[in-house]
Structure formats: structure tokens, C-alpha cells
Amino acid sequence: MECSLVSVLRILLVYPLFHNLVTISGQHIPAVGLFTFGDSSFDAGNKKFLTSASLPQNFWPYGKSRDDPKGKFSDGKIVPDFIAKFMGIPHDLPPALKPGADVSRGASFAVGSASILGSPKDSLTLNQQVRKFNQMISNWKVDYIQKSVFMISIGMEDYYNFTKNNPNAEVSAQQAFVTSVTNRLKSDINLLYSSGASKFVVQLLAPLGCLPIARQEFKTGNDCYEKLNDLAKQHNAKIGPMLNEMAVTKPDFQFTVFDFYNVILRRTQRNMNYRFSVTNISCCGVGSHNAYGCGLPNVHSKLCEYQRSYLYFDARHNTEKAQEAFAHLIFGADPNVIQPMNVRELIVYPVNEPMREFWEDPMEEKLSLVHDVEVDPSGSIYLV
């Protein structure tokens, strides 16, 4: 009963925030920049400038909701586009690699197929993206960079490829791989910090085993592929403590963490609460979960009748409807979703001022709400 009351109170407190979000977005906040790094989730169209090959995301039905394919992995806009709008940026976030792009308010350095440890020739690792930013750094003043927002979403390719190449990897090998990925991520964030960035938004990994491509390739049917989910959870568990440590040792380092894992999981498990009719199959593609071939000219892909009822547009990427919802959560949601502050609060937080709040493990918070915790001999936890 107590937990239910807490949930109701949170809903009542959060509702006014979302109710007024459209009117407050982009207002009464400094006119700063937005810079994004990562993989296809944040790619604003960079990949086509790295290869001469025809890319499916440059053609219909990508961009279907706006009838204008722009190299983005969605039926329309993606999360950074909406965040840019909320920040008062008058246009979608441009791809940094596009010649002549207006990068005065920031740019996307993210590239499809990007990873942390190593990427294909037609992509860029996170480290290479940061180095590209440094090559262009003369476009922005030092204090502008310091006040701007740096968003990172990457790691999906690392863990997906590791699982495909090592289907029977032992726990120790999985842990070692997660450590190598997160250590390199920390190094790349430090490189951005040394370039003048101070405000970071790091998106946790989604439940990768629930992606339509994972369900299809690993033949799980209606179930998620838990080996991939376990890797994502191990990765995510390291991010908050890592950023806490960086904020303590670097007084002007500010950050927040978006809990993308649980945001997706809730929409997968309680889909109708979020008005998604289909959460395990792609809107576009072929196969048991429509998880292959969207946009490829030699593949007769199926296309759903109404993409706004789908959580996923293609094998790995969400529909525009979902992306807009995620952007609202990132920009103005409560600590259940993004902590220790939302992006609007991060923008207005004074530069060079140490953080007063830090990331907290949500599991520890849940346990603290319970009067008693009983652990049986097998190690299972029962909330009494």
C-alpha cells in the first residue's frame, strides 16, 4: 500500500511538469549548443558522407512520417532533433560531416554502426568522433563549449557483435569485455572533457535482447534474448558510479544519466499504457519479427499501416512517436527516468560549480522503501 501511495504521488507531481512541457520548452534557458556522439540512434545523416554505397536509411520508407528521408534511422525525427527544439535551436541538429552545415548551435557526430572498441571502415568509433569534434573546435568559443550539452548514446554494436561472435562466452569473459568497453568509454569522455566540454548526458543501453533483430536472429519468439540483456545491465551498472567518480575528481564536471533500459522495458511489458500496440516486431522489414531489410531495394519489406502504434520502426530503432516521448523524458522528466537532474536543469546549472546531487542506484532506493527484506538460503530477495 505504501509503495502504491508513493507511485500515485509521483504521478501527481510529474503530471504538471509534462502538462506544461510544451510551453516551457526552449524558453528561459541559455542559448547554448547541443553536440551528440554515438551510433545509429543519434546519427543525423553522417554515414552517407563516409561511403559511396547506397544506404537504406537515405530512402523511403525511412522518413515516412515526413516524406523526407534524411539518413536518419527512423520514420521521421530522432531524439536529438526534439531536444534541439526544446532548447530553442531553430532547426534539426545537423550532421557534422555535411559540407557547409550550420553548426553554430551544435552538431551530430554520431554515425551508424559506430562502436566504442572498433567500427567498420564506413563508420567512426566514439574516439574518432571526438577527434573529429576537436578538428572542428574553432567553430565555437571556449565558454560556449563549456555551457553546451554533450549527449552520448553508444555500445549497442559492441555488445551485439560480441554476443554473435561469442555465443558461449563464460561469465568471466563477459565481465572482462564489459570492463574494456566502459574503460574506453570513460577515456573518450575524458577526452571530450579535456576539449572543454563540462555538461554530459549519457544514455544507458536499452534491453538489447528485446530488440526485434535479437528476437529474430536468436529465434526467441515472444521472449527477449537474456544473454544480451545481461550484458546491457552489466554495462549500465558501471555508468552511474563512473560518472559520480568523475564529478568528484573534476569539480566542473556535470552530468546526468538517462535510464533508457527501464524506459524501453516498461513500454515493452506494459505497452498499452504508452499507446503502443506492437513492441516486439518492427514496423518495416521482413522475417519473423520484420527485422531485416527495411529500405533495401532488393528486399520486399513489409511496412505496417500505422507506424505510431509501433515501438520500433526497424530492427533496432524506434519510431518517431517513441523518439519524441524519449526526448520529453530526457529534457524534463523526474529522477525515476533521468538523474541526478534532467537536461533542462543541466543547462541552467552554473558552470564551474560542483554538483550537489549524484547518481544513485535505483535498486537501493527501492529496497529502502520496504519495511523488511528477507533473503532465503538460495540468495533470492523477498520484499515483505
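Helices (H or I, at least four residues) and strands (E, at least two) are DSSP runs numbered from the N terminus. This is a predicted model, in which local features need pLDDT of at least 70 and side-chain atom pairs pLDDT 80 or more, while totals for chains, interfaces and linings use all residues. Residues are numbered from 1 along each chain as its sequence is written, and side-chain values use heavy atoms, leaving out hydrogens and water.

H4 itself spans residues 126-135, and Leu126, Asn127, Gln129, Val130 and Phe133 are its buried residues (under 20% relative accessible area, with a 1.4 Å probe and protein chains only; exposed is over 50%, partly exposed in between). Looking down the axis of H4, these residues fall within an arc of 160°, so they line one face of the helix; the arc is that of the directions from the helix axis to the C-beta atoms.

Over in helix H7 sits Ser194, which is exposed at 58% relative accessible area. The Ser194 side chain reaches the backbone oxygen of Leu191 at 2.7 Å.

Of its 24 lining residues, Pro56, Tyr62, Phe73, Arg316 and His317 are the closest to the centre (lining residues have an atom within 4 Å of a point of the pocket). Helix H6 (156-165) and helix H8 (212-217) each supply at least two residues of this lining.

Technical notes:
1 Å grid on protein atoms, 1.4 Å probe; cavity = no way out; pocket = protein on both sides within 12 Å on 5 of 7 lines; lining within 4 Å. Polar contact = N/O pair within 3.5 Å; in protein donor to acceptor, adjacent residues only side chain to side chain.
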